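Q: I have a structure open and a few things to check. Can we go through it piece by piece?

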Amino acid sequence: MGHSLSSHSKSTLSSPPRRSRSLSPMSPPPLRLTAPMQIAAEDSGSDSSSSFAPPARDYTQDLPDEILALVFASLSPTDRNACSLACSRWMEVDATTRHRLSLDARAALGNAAPALFARFTAVTKLALRWARGSGADSLSDYGAAAVATALPSGRLSRLKLRGLRQLSDAGLASLAAAAPAIRKLSVASCTFGPKAFVAVLQSCPLLEDLSVKRLRGLPDTAGATTSIAEDIKFPPASSLRSVCLKDLYSALCFVPLVASSPELRSLKILRCSGAWDLPLEVITARAPGLVELHLEKLQVGDRGLAALSACANLEVLFLVKTPECTDSGIISVAEKCHRLRKLHVDGWRTNRIGDFGLMAVARGCPNLQELVLIGVNPTVLSLRMLGEHCRTLERLALCGCETVGDAEIICLAERWAALKKLCIKGCPVSDRGMEALNGGCPSLVKVKLKRCRGVSYECIENLKVTRGGSFSISLDIVLEHDARSASENGAQENGQAQITALTDQMAGMDLPVNAAGAQSSTHTITRMRSVVSALRL
């Protein structure tokens, strides 16, 4: 066929024989499990031994399709693909209940699309990816039209496009027109331009989440926002609630689109070129309901931050490597955005944000719960006010802060009663400051220290013994790579837990594996253990 499925659906394209089995809400029959059969070796000349043998009948046939569908939903993509090949019944159940599909978007995908979507009729999340090293052309406008014709238009709610460098504005428009129920669209490393999103907004009135990264078809506007607004007329995006613009050299093309979203709640502008003070004024004036704003490596200053005063409901603010922002901009935000809960500031060691801005945050944002300071230099003055006014401040990270020493840690121990998690990286603290935590911060449960050479392991052990209970503390002294920037030293932990497989949870139990006449093998037994594990949860 000239194309292949990704790890989500690497299976045959031909439709399996259909059974007259419906997914009805009938109550499942009792599950009968038998112990593995042990058959002694028949060779009388050898020692008696035991081995696994196929059961007399396939007990998985007693499982209704609803149970198999639940089991398949609990498996990893690799395990699910393998189970779908065990027998025709499992293939049919998998095909009619698989909601997520990822395809290798080569040029030949258009020819295979009718057979694929005739088999996978329940798909709601579709990803089309093309790898540069695949040795084949990516999906073109002609192929996209064929895919659009075969799409389950009434069901598809999420569409992801990656690396489709031969797809133009017309190709994206055809895909959008075939899926009017899309709520989330993510595109990256494609070659179409901003005009393609006019068709997207016209065809997808339910679109709520839009992510645009590394587009290669953007015009070189050199920041001329006026001409862009006149050339591209975006329709109102009344349902759009989240927009992410990342790694775009002409992201200002999308300012009219963002400004046409009155219900916008989350906006992320990351590593995009152009001057953003004036665009932020336009956006916040038309979308005052912003709750979350991320600005990273942008040319934005205090004027842009002052525009945020129109967003009284702002709760989350990330300022990462925006060297033109100063205390004045932080003060203007703190004076109007009283609902702020999370504030992350990476000052890039410019020393333009410090005590004055943080004291304004303490006075104006009493609901602050999380504060991350990277390359910012607070002192006892601002930390004391934060502890006294922000009574719900539970998480604090101080990374590469040259002014944070023992006096500041002692201040935390005395004034921050609600603090639960503390992270200190690359700060000149010592045992004297850390010992103050023995009797301070009664709610503290976790401390992480990194590149703090003044703290000894003996001090850490004493803290563990003194606080006891569920208190956790770690010390990581890194001797090399000291020349890294404060932002790298302060890189935050990824708190998203990885989903683990079910295979080993019930490794001691075996279920007969002779599904639809399939031969018994160690590989199949491993798959069936996953089934039993899911059923026992």
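Q: What does the side chain of Thr 149 reach?
A: The backbone oxygen of Ala 145, at 2.9 Å. That is a polar contact: a pair of N or O atoms within 3.5 Å, where within protein one must be able to donate a hydrogen and the other to accept it, and residues adjacent in sequence count only if both atoms are side-chain atoms. Bear in mind that this is a predicted model, where local features need pLDDT of at least 70, side-chain atom pairs count only at pLDDT 80 or more, and totals for chains, interfaces and linings use all residues. Residues are numbered from 1 along each chain as its sequence is written, and side-chain values use heavy atoms, with hydrogens and water left out.

Q: Where is Thr 149, and is it buried or exposed?
A: Thr 149 is in helix α5. Helices (H or I, at least four residues) and strands (E, at least two) are DSSP runs, numbered from the N terminus. Thr 149 counts as exposed, at 70% relative accessibility. The cut-offs, for relative accessible area, are under 20% for buried, over 50% for exposed and partly exposed in between (1.4 Å probe, protein chains only).

Q: How far apart are Thr 149 and Leu 175?
A: In space, 8.6 Å from C-alpha to C-alpha. In sequence, 26 residues.

Q: New topic. Which residues of α4 are buried?
A: Leu 109, Gly 110, Ala 112, Ala 113, Leu 116, Phe 117 and Arg 119, in a helix that runs over residues 109-119. Seen down the axis of α4, these fall within an arc of 145 degrees, so they line one face of the helix. The arc is that of the directions from the helix axis to the C-beta atoms.

Q: What covers them?
A: The cover of the buried α4 residues includes α3 (88-97), β1 (100-104), β2 (125-129) and α5 (141-150).

Q: What about phi of Lys 321?
A: Near 55 degrees, a positive value in a residue other than glycine. Most residues other than glycine have a negative phi. Lys 321 sits in the loop between β9 (316-320) and α12 (327-336). Lys 321 is buried, at 16% relative accessible area.

Q: And Arg 451, what is its phi?
A: Near 55 degrees, also positive in a residue other than glycine. Arg 451 lies in the loop between β14 (446-450) and α17 (457-467). Arg 451 is buried, at 13% relative accessible area.

Q: What is the mean pLDDT?
A: The mean is 80, and 76% of residues reach 70 or more. pLDDT is the predictor's confidence in each residue, from 0 to 100. Over residues 480-537 the pLDDT is below 50. Where pLDDT is low, the predicted coordinates should not be read in detail.

Methods
Contact = heavy atoms within 4.5 Å.
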